[in-house]
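User: I am new to this structure. Please take me through how its features get their labels.

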Amino acid sequence: MRVHRWLPHFVGRAGRRLSVRLLSISLAALLLAVAHTAVAADGVDPAKDARAFQDYFFKKFPGVKPDDFANGPYALNEDMRRQWEEKEQFPPYEFSLEAGKELFAKPFANGKHYADCFADQGIGIRQDYPQFDTKSGKVITLELALNRCREANGEKAISYTGDDMAALTAYMAFTSRGKPLNIKIPDDPRALEAYEDGKRYFYTRRGQLNFSCATCHVQNPGERLRAEVLAPALGILNAMPIYRSEWGGMGTTSRRFITCNSQVRGVPLEPQSDEYRDLEYFLSYVSNGLPISGPGSRP
Amino acid sequence: MTSLDDSQPVTRRIVLRGAGSVALAGLGVVVLPGPTVFAAANDKYPEDAFKQKDNKEAIRLLYGRTAEPSDKIKLDAPEIAENGAVVPISVSTSLADVTSIAFVVPENPNVLAAYYKIPQGTLPNVANRLKMAKTSNVIVIVESGGKLFSATKEVKVTVGGCGG
Amino acid sequence: MSNSLGAPVRLCWVIVALLTGHAAFAANSEAGFKASYAAADAAEKQAGLLRNQWLVTEAALTEARKAAEKNDFDQAVAAAKEAEALAKASIYQATSEKAAWKNLEIR
Amino acid sequence: MASSIRVRAIANGDTTDVQTLIQHPMDSGFIKNDKGEFIPAHFIQELTFEHNGRTVFVADWGTAVSKDPYVKFAFKGATKGDDLKVSWIDNKGQTDTATFKIQ
């Protein structure tokens, strides 16, 4: 009954096998937790977290070069890597990238440009996002910054999950390729809190399937869930935005988070809600040092 | 294209394809005239072959004969497609005088996926990306010196391309 | 330990009781549907405050409304009860995860 | 409107490698939209490459070629700076043509 209620009925044979395994893992984790009851609320140490996070993946996949984690599942599976390399010869995000370049250069009605809203005219700066804004006390993602820029110049915000946002971020990522992710947590208790909230969101189980982000992307990267080879959490945002064959098109970080939530049968939050922004902040911070590889293509 | 026609033996395929167009015209199907480059009668788009549900019938309509397996064809396709919507498949061959290459996916709703005409001076190597509805063999047909050869490889598809 | 593992199992027995119990009763009325739906809706709103609603709960609520529109109150009540049970499970999940998330953390 | 055709044609000695990506939905006619209606088939049927007025490659495609189709081939006889003309026609009679310099 418990299995029936909490687990997918129609994830397919392979999926169910994984789910059952995940269930036993979660039960084991639960037992372990209870054995250690009353875990002290230890102090937040992002730098230590990031080291531990990266070490976990480096040890789990000793054959994978650190920078290669920015290539997601392709770093872990040879057959998929060959399909990807073939696709990269003329990648499917090519059209979006060109559209993004045009959109980025197109002036607003007031004559100003996106470039006027960003450091270095917006070129080669993707690795600095998300940022913590000490004025508002909130995390500012690149997608949010783009819409804030539009609104500051009298333009309507565009959809966080739409093609234009994907194209703009694709172009900005492309101009930043190879630059190591460089997320900063300023000396502000609210920044630490945002980081910690993002971390909690990442590890919290949700949805009817009772999966957390970590269930798939920390405990089981490289495993197949249905046909998909799960991407490692380390470096997962470095490739954003992505062209997904499954979507037959481009998707932003917002779209990816929403899809993840619905895949575990949770009701997704609003794009760029505080939770998603904090999640992006945490997940980016722990991948600091890995190169921007976006735009990416994924199954 | 005319140089190709002069230099290659007239195969039954040309006759058959001509007949196919007549049949289509008879049914009131409008065959688009297209740009002048498609003018030669035997270069018409093989519409009937592309509508076939059965791979043998599609090959028969396209070529009017059957193919025999050849180890001189290298068919490169993934063991497991990362997504059936985009399956990279390529072929190269050491066979001589190649005039066409066709890709057939028997489990797709329409079995003929692509048909490439290879004029003289063009290498018999093609790479493309195909949709696969489900796990299926991929058959490549190479027309060489007026004869047909084939190679086959199975590609497992767990997320279907819902197409083809 | 028995506490942590027992809760979801107990919850499932509640669901069983609700579902089978309902089948044994006579036809449901519109008033019965309204009461069941209100309870389910309240639980789902609470899950919303915890930022942890489930898609299946939403689907069951929709199913309940649709059945009620067709005056199929048996079906409507059954769907509403299921929605309530699912919403409660999601509340349980969100509540227990407030501490349990730490167990998955890489440190 | 930007062209729907992207080409990378690179001469390596006597052989020119050609890669093409075309922006096209390649709807198979077997997929339903959100309303449950079949999206009508809409796909490129013929794609032609010409070098100095000579056809060097013709692709006849059915519904099973992926969205935003890609094809790669190679031919002999061209040199750097030559033109390569690419044109396609789809099942609705829509066409596009573009000319590229071989690099």
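User: Why is Asp197(A) called partly exposed?

Analyst: Asp197(A) has 18 C-beta neighbours inside 10 Å. Buried would take 20 or more, and exposed would take 12 or fewer. The value 18 falls in between, so Asp197(A) counts as partly exposed.

User: Where is Asp197(A) found?

Analyst: Asp197(A) sits in helix H8 (residues 189-203) of chain A. Tyr276(A) is 79 residues away from Asp197(A) in sequence. In space, C-alpha to C-alpha, the two are 9.8 Å apart.

User: What makes up chain A, in helices and strands?

Analyst: Chain A has 11 helices and seven strands. Of its 299 residues, 49% are buried. Take the contacts in chain A between residues at least 6 apart in sequence: 72% of them join residues at least 24 apart.

User: How do you know which residues of chain A have pLDDT under 50?

Analyst: Each residue carries its own pLDDT, on a scale from 0 to 100. Over residues 1-41 of chain A the score stays under 50. The model still has 43 contacts beyond four places in sequence for residues 1-41. Where pLDDT is low, the predicted coordinates should not be read in detail. Chain A as a whole averages 86, and 85% of the residues score at least 70.

User: What makes S5(D) largely enclosed by the rest of the structure?

Analyst: Buried means 20 or more other C-beta atoms within 10 Å. Six of the seven residues of S5(D) are buried, so the strand is largely enclosed.

User: How do you know that strand S2 (residues 15-22) of chain D pairs with S5(D)?

Analyst: Pairing needs at least two bridges. Seven bridges join S2 of chain D to S5(D), so the two pair, and they run antiparallel. In one place, Thr15(D) stands opposite Lys76(D) of S5(D).

User: Why is strand S7 (residues 125-130) of chain B said to pair with S5(D)?

Analyst: Two bridges link S7 of chain B and S5(D), in the antiparallel sense. The cut-off is at least two, so the strands pair. Asn128(B) has Val71(D) as its bridge partner. Ala127(B) stands opposite Lys72(D).

User: How many residues does each of chains D and B give to the contact?

Analyst: Chain D gives 33 residues and chain B gives 36. On the side of chain D, the elements giving two or more residues are strands S3 (44-51), S4 (54-61), S5 (70-76) and S6 (83-90). The residues on that side divide into 16 nonpolar, 12 polar and five charged.

Definitions and conventions: Residues are numbered from 1 along each chain as its sequence is written. Chains are lettered from A and ligands numbered from 1 in the order in which they are written. This is a predicted model: local features need pLDDT of at least 70, side-chain atom pairs count only at pLDDT 80 or more; totals for chains, interfaces and linings use all residues. Two residues are in contact if their C-beta atoms, placed from the backbone, lie within 7 Å. Helices (H or I, at least four residues) and strands (E, at least two) are DSSP runs, numbered from the N terminus. Ala, Val, Leu, Ile, Met, Phe, Trp, Tyr, Cys and Pro count as nonpolar, Asp, Glu, Lys and Arg as charged, and the others, Gly among them, as polar. pLDDT is the predictor's confidence in each residue, from 0 to 100.
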